[in-house]
Amino acid sequence: MNCHRDSRRRRWWGERPTKHLPETHTADGTDAVVLADAVRRALGNLSKANRDVVVLRYFVHLSEQQTARVLDIAPGTVKSRLSRALIQLSLDPHLADLPQEVTP
């Protein structure tokens, strides 16, 4: 009987018995940091002209016409710079090394 009571006693009077906690996975944000760092490094390898086009098109969500107006270049130039930049980004080792779970 004493063994049973001892197993039920708590070390501290205010201690509450733990209830069953649901097993849920909470993201710790590491994946987002890894992805942001890889994108930042990859964009850093682009020329300023190509980086500006990529940032305005994909991060600021401007159209080709709007990007051309902001950069004061022809829309065809936006297309060609974007094409070259995307090829360079597809070959970038910082983005190629990302695990599949991290890539959006």
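**Close-up 1. The Lys48 and Asp52 pair in helix H3.** Asp52 and Lys48 lie four residues apart in helix H3 (residues 48-59), and are therefore separated by about one helical turn; helices here are DSSP runs of H or I with at least four residues, numbered from the N terminus. The structure is a predicted model, in which local features need pLDDT of at least 70 and side-chain atom pairs count only at pLDDT 80 or more, while totals for chains, interfaces and linings use all residues. Residues are numbered from 1 along each chain as its sequence is written, and side-chain values use heavy atoms, with hydrogens and water left out. Asp52 forms a salt bridge with Lys48, their closest N and O atoms being 2.9 Å apart; the term denotes a side-chain nitrogen of Lys or Arg within 4 Å of a carboxyl oxygen of Asp or Glu. Lys48 is exposed at 55% relative accessibility, whereas Asp52 is partly exposed at 24% (exposed is over 50% relative accessible area, buried under 20%, partly exposed in between; 1.4 Å probe, protein chains only).

**Close-up 2. The Asp37 and Arg41 pair in helix H2.** In the salt bridge between Arg41 and Asp37, the closest N and O atoms are 2.9 Å apart. Both residues belong to helix H2 (residues 30-44), where a spacing of four residues separates them by about one helical turn. Arg41 is partly exposed at 45% relative accessibility, and Asp37 is partly exposed at 32%.

**Close-up 3. The Glu64 and Lys79 pair.** Glu64 forms a salt bridge with Lys79, with 3.9 Å between the closest N and O atoms. This pair links distant parts of the chain, 15 residues apart, with Glu64 in helix H4 (residues 64-71) and Lys79 in helix H5 (residues 75-90). Glu64 is partly exposed at 28% relative accessible area, as is Lys79 at 48%.

Notes: Helices (H or I, at least four residues) and strands (E, at least two) are DSSP runs, numbered from the N terminus.
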